[in-house]
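The following paragraphs lead through a protein model step by step. Please keep the sequence and the three-dimensional view at hand while reading.

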Amino acid sequence: MSQTTRCVCVKCGADRQEVAQICPSCGHRPEGEGLLVAWLLSDANLPAMELDQVQKRIRDGEVIRPSGRMLDRARRAMGATFATDEGMTSLQRLGLLATNLLATPLVGWVLVVWWRTSRPRASLQALALTLPASVLFTALVVYLAS
Ligand SMILES: [Zn+2]
């Protein structure tokens with residue numbers, strides 16, 4: 001992941017040092033896609049002069065919405081690392097576990113594949129929940145069918 005020394009807060013325009021840092025001014029905490037936006041608004045992506053302009057636009061109340069293409073660029077530049085992936089929340093984990101057990105483990109597998117590159121930590125957590133559920137599910141189906 002490319003290092004930054006200056007990163008403009010997408011919410012309030014304050015300067016921060018790192019992409020994942022909680023904004024000291026407004027308390028905004030970049031997460032998920034927000035980390036990509038944070039990278040786009042950092043000196044790893046923009047020269048100081050352009051950062052100044054973006055900062056002014058944000059302070060003037062403009063909402064920054066990067067295009068999907070820009071987000072892709074950030075995703076490639078940052079690389080998907082465990083450091084940028086917060087993983088699943090406990091509520092998400094509980095939800096997935098319930099879905100795996102009560103409905104079908106297929107949902108879990110979709111998430112595992114879906115998150116494989118963009119959210120490696122969440123993907124691994126989904127796998128840890130889905131694999132045993134799949135075995136259990138299969139065993140149950142086989143048991144009921146026999
Ligand atoms: Zn802020």
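In helix H1, which spans residues 33–40, the residues Leu35, Leu36, Ala38, Trp39 and Leu40 are buried. A residue is called buried if 20 or more other C-beta atoms lie within 10 Å of its own, exposed if 12 or fewer, and partly exposed in between, the C-beta atoms being placed from the backbone. Helices (H or I, at least four residues) and strands (E, at least two) are DSSP runs, numbered from the N terminus. Residues are numbered from 1 along each chain as its sequence is written. The model is predicted: local features need pLDDT of at least 70, side-chain atom pairs count only at pLDDT 80 or more, and totals for chains, interfaces and linings use all residues.

What covers the buried residues of H1? The cover includes strand E1 (7–8) and helix H3 (68–78). Two residues are in contact if their C-beta atoms, placed from the backbone, lie within 7 Å. Between the two helices, Glu33, Leu36, Trp39 and Leu40 of H1 meet Met70, Leu71, Ala74, Arg75, Ala77 and Met78 of H3. Two packed helices are described by the angle between their axes and the distance between the axes. H1 and H3 pack at an angle of about 90°, and their axes are 9 Å apart. H1 is therefore roughly perpendicular to H3. Here the axes are lines fitted to C-alpha atoms, for helices over the stretch in contact, and angles run from 0 to 180 degrees between N-to-C directions. Angles under 35 degrees count as roughly parallel, over 145 as roughly antiparallel, 65 to 115 as roughly perpendicular and the rest as oblique.

In soluble globular proteins, nonpolar side chains tend to be buried together. A nonpolar core is a set of buried Ala, Val, Leu, Ile, Met, Phe, Trp, Tyr and Cys residues joined through C-beta atoms within 7 Å. The largest such core in this model has 14 residues, and those with the most contacts inside it are Leu36, Ala38, Trp39 and Leu41. At least two residues of this core come from each of E1, H1 and H3. H1 gives the largest share, 5 residues. Apart from this core lies another, of 9 residues, among them Val112, Ala122, Ala126 and Leu129.

Leaving aside neighbours within four places in sequence, Ala38 is in contact with Cys7, Val10, Val19 and Pro30. Leu41 is placed in the loop between H1 and helix H2 (48–59). Leu41 counts as buried because 28 C-beta neighbours lie inside 10 Å. Beyond four places in sequence, Leu41 is in contact with Cys7, Val8, Val10, Val54 and Ile64. Cys7 itself belongs to strand E1 and is buried, with 25 other C-beta atoms within 10 Å. With neighbours within four places in sequence again set aside, the contacts of Cys7 are Arg16, Gln17, Glu18, Val19, Ala38, Leu41 and Ser42.

How is the chain divided into domains? There are domain 1 (7–78) and domain 2 (90–145), with bounds that come from an automatic or database domain assignment. The C-alpha centres of domain 1 and domain 2 lie 34 Å apart. The C-alpha atoms of Leu41 and Phe137, 96 residues apart along the chain, are separated by 46 Å.

The next helix to consider is H5 (residues 106–115), in which Gly108, Leu111, Val112 and Trp115 are buried. Seen down the axis of H5, these buried residues fall within an arc of 105°, so they line one face of the helix. The arc is that of the directions from the helix axis to the C-beta atoms. An α-helix has 3.6 residues a turn, so residues three or four places apart point the same way. The buried residues of H5 pack against helix H4 (90–102) and helix H6 (120–145).

Not counting residues up to four places away in sequence, Leu111 touches Leu96 and Ala126. Ala103, by contrast, is found in the loop between H4 and H5, and it counts as exposed, with 11 C-beta neighbours inside 10 Å. The C-alpha atoms of Ala103 and Phe137, 34 residues apart along the chain, are separated by 9.5 Å.
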